[in-house]
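Please keep the sequence and the structure in view while reading.

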Amino acid sequence: MMKTKSMGRGKYFITFLLLLSFWLLLSGHYDLFHISIGIGCCALVSLLSADLLFDSASGATHHLVIGKFLLYIPWLVYQIILANIAVVKLVLSPKLKIDPRVFTCKTSLKTDVAKTTYGNSITLTPGTITIDIKDDVLYVHALAGNFADDLLTGEMEKRIITIFQR
Amino acid sequence: MVIRDIIAMILILIGCFFFLTSAIGLLRFPDMFTRMHATGKCDTLAVLLVMTGLIVHHGINLDSFKLLLIVVFIYIANPTATHVLSRAAYRLGMQPWTKDKK
């Protein structure tokens with residue numbers, strides 16, 4: 001009981017520190033007036049919304065996930081560039097050679113965060129949009145058949161599994 | 001200094017090209033879903049290129065950090081908005097355009 005209470009306070013404190021460092025980075029004014037406004041605002045917001053930032057997982061696993069996630073970003077940017085060039089070719093071709101389709105894609109990802117990452121990554125890479133997620137089936141709209149084939153090879157999903165596995 | 005300006009200019013010009021493409025795609029594509037592809041997507045790379053160009057131009061300081069934050073938040077918000085819009089259209093019963101229906 002005692003331990004959960006101290007964890008609860010730590011949660012508010014970490015949220016407050018994160019928000020305050022963000023405030024200091026963005027404001028650029030380091031005098032008493034602006035910093036005290038920042039401290040007031042951050043205290044209020046962390047009181048109200050610390051539960052949103054830390055709902056279930058413990059700090060240690062978060063740490064690992066963030067590290068792996070940063071490694072995932074360069075690959076995602078590379079995919080975005082490749083796929084963007086493909087969409088540009090489609091848009092600028094004189095005859096619109098598009099062949100849109102909606103297909104379903106089963107995923108083995110379990111947590112909400114992992115599914116959100118997967119859905120947003122699909123939407124970010126041009127040519128595919130996640131329309132809906134029901135349990136573990138994704139409804140994806142693809143601009144042409146080859147975009148759908150790229151997704152169904154499952155490479156993106158494998159990479160996301162390696163991020164979020166414990 | 002001059003080389004830095006040239007790199008920034010090239011990056012911003014390529015970014016503008018992608019913005020232009022997304023605008024052309026918005027006008028040319030037949031239905032809502034395909035238009036979401038053009039606007040929601042080319043914008044992501046275009047924003048990345050334009051902001052990188054501005055960061056190169058500015059050098060590393062507080063302003064360029066803020067520019068980087070803009071990119072990060074657009075990369076979170078843009079796909080979410082695209083997804084929500086297309087899901088709303090799908091649930092309202094809008095049928096996706098297909099090649100043979102025309």
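Predicted model: local features only at pLDDT ≥ 70, side-chain atom pairs only at ≥ 80, totals over all residues.

Against which elements of chain A do the buried residues of helix 5 of chain A pack? They pack against strand 1, helix 4, strand 2, strand 3 and helix 6 of chain A.

**Confidence in the model**

- For the complex, the predictor reports an ipTM of 0.76 and a pTM of 0.75.
- The average pLDDT of chain A is 79, and 87% of its residues score at least 70.
- The average pLDDT of chain B is 84, and 96% of its residues score at least 70.
- Within chain A, helix 1 (residues 2-27) has the lowest confidence, with a mean of 75, while helix 2 (residues 32-53) has the highest, at 86.
- Over residues 1-6 of chain A the pLDDT stays under 50, and the model has 0 contacts beyond four places in sequence for them.

**Overall layout of chain A**

- Chain A contains 6 helices and 3 strands.
- Read from the N terminus, the order of these elements is α-α-α-β-α-β-β-α-α.
- The domain assignment divides chain A into domain 1 (2-53) and domain 2 (60-164).
- The centres of domain 1 and domain 2 of chain A, taken over C-alpha atoms, are separated by 34 Å.
- Of the 166 residues in chain A, 25% are buried.
- Among contacts in chain A with a separation of 6 or more, 64% are between residues 24 or more positions apart.

**The strands of chain A**

- Strand 1 (residues 101-106) and strand 3 of chain A run antiparallel and are joined by 6 bridges.
- In that pairing, A:Lys106 has A:Val137 of strand 3 as its bridge partner.
- Strand 2 and strand 3 of chain A also run antiparallel, joined by 6 bridges.
- A:Thr128 stands opposite A:Ala142, which lies in strand 3 of chain A.
- The hairpin of strand 2 and strand 3 of chain A has 2 residues between the strands, and A:Asp135 in this hairpin takes a positive phi near 55°.

**Helix 5 of chain A**

- The buried residues of helix 5 of chain A are A:Phe147, A:Ala148 and A:Leu151.
- Why do these residues lie on the same side of helix 5 of chain A? They cover an arc of only 100° around the axis, and therefore they share one side of the helix.
- The other side of helix 5 of chain A carries the exposed residues A:Gly145, A:Asn146 and A:Asp149.
- Leaving aside residues up to four places away in sequence, A:Leu151 touches A:Cys105, A:Ile122, A:Thr128, A:Val140 and A:Met156.

**Helix 6 of chain A**

- In helix 6 of chain A, the buried residues are A:Met156, A:Glu157 and A:Ile160.
- These residues are on the same side of helix 6 of chain A because they cover an arc of only 95° around the axis.
- Exposed residues A:Glu155, A:Lys158 and A:Thr162 are found on the face of helix 6 of chain A turned away from its buried side.
- Helix 4 and helix 5 of chain A are included in what covers the buried residues of helix 6 of chain A.

**The largest nonpolar core**

- In soluble globular proteins, nonpolar side chains tend to be buried together.
- The largest nonpolar core here has 36 residues, and those with the most contacts inside it are A:Val87, A:Val140, A:Leu151, B:Cys42 and B:Leu49.
- Each of the following supplies at least two residues of this core: helix 3 (59-92), helix 4 (112-124), strand 2 (128-134), strand 3 (137-142), helix 5 (145-152) and helix 6 (155-164) of chain A, and helix 1 (2-28) and helix 2 (32-58) of chain B.
- Helix 2 of chain B provides the largest share of this core, 12 residues.

**Contacts between the chains**

- How many residues of chain B are in contact with chain A? There are 30, and they are in contact with 28 residues of chain A.
- On the side of chain B that touches chain A, helix 1, helix 2 and helix 3 (62-91) of chain B are the elements that give two or more residues.
- Helix 3 of chain B contributes 11 residues, the largest share of that side.

Notes. Residues numbered from 1 in each chain as written. Chains lettered and ligands numbered in written order. Core = buried A, V, L, I, M, F, W, Y, C linked by C-beta atoms within 7 Å. Buried ≥ 20, exposed ≤ 12 C-beta atoms within 10 Å, placed from the backbone. Helix = DSSP H or I, 4+ residues; strand = E, 2+ residues; numbered from the N terminus. Contact = placed C-beta atoms within 7 Å. Pairing = 2+ DSSP bridges. Domains from an automatic or database assignment. Arc of directions from axis to C-beta. pLDDT = per-residue confidence, 0-100.
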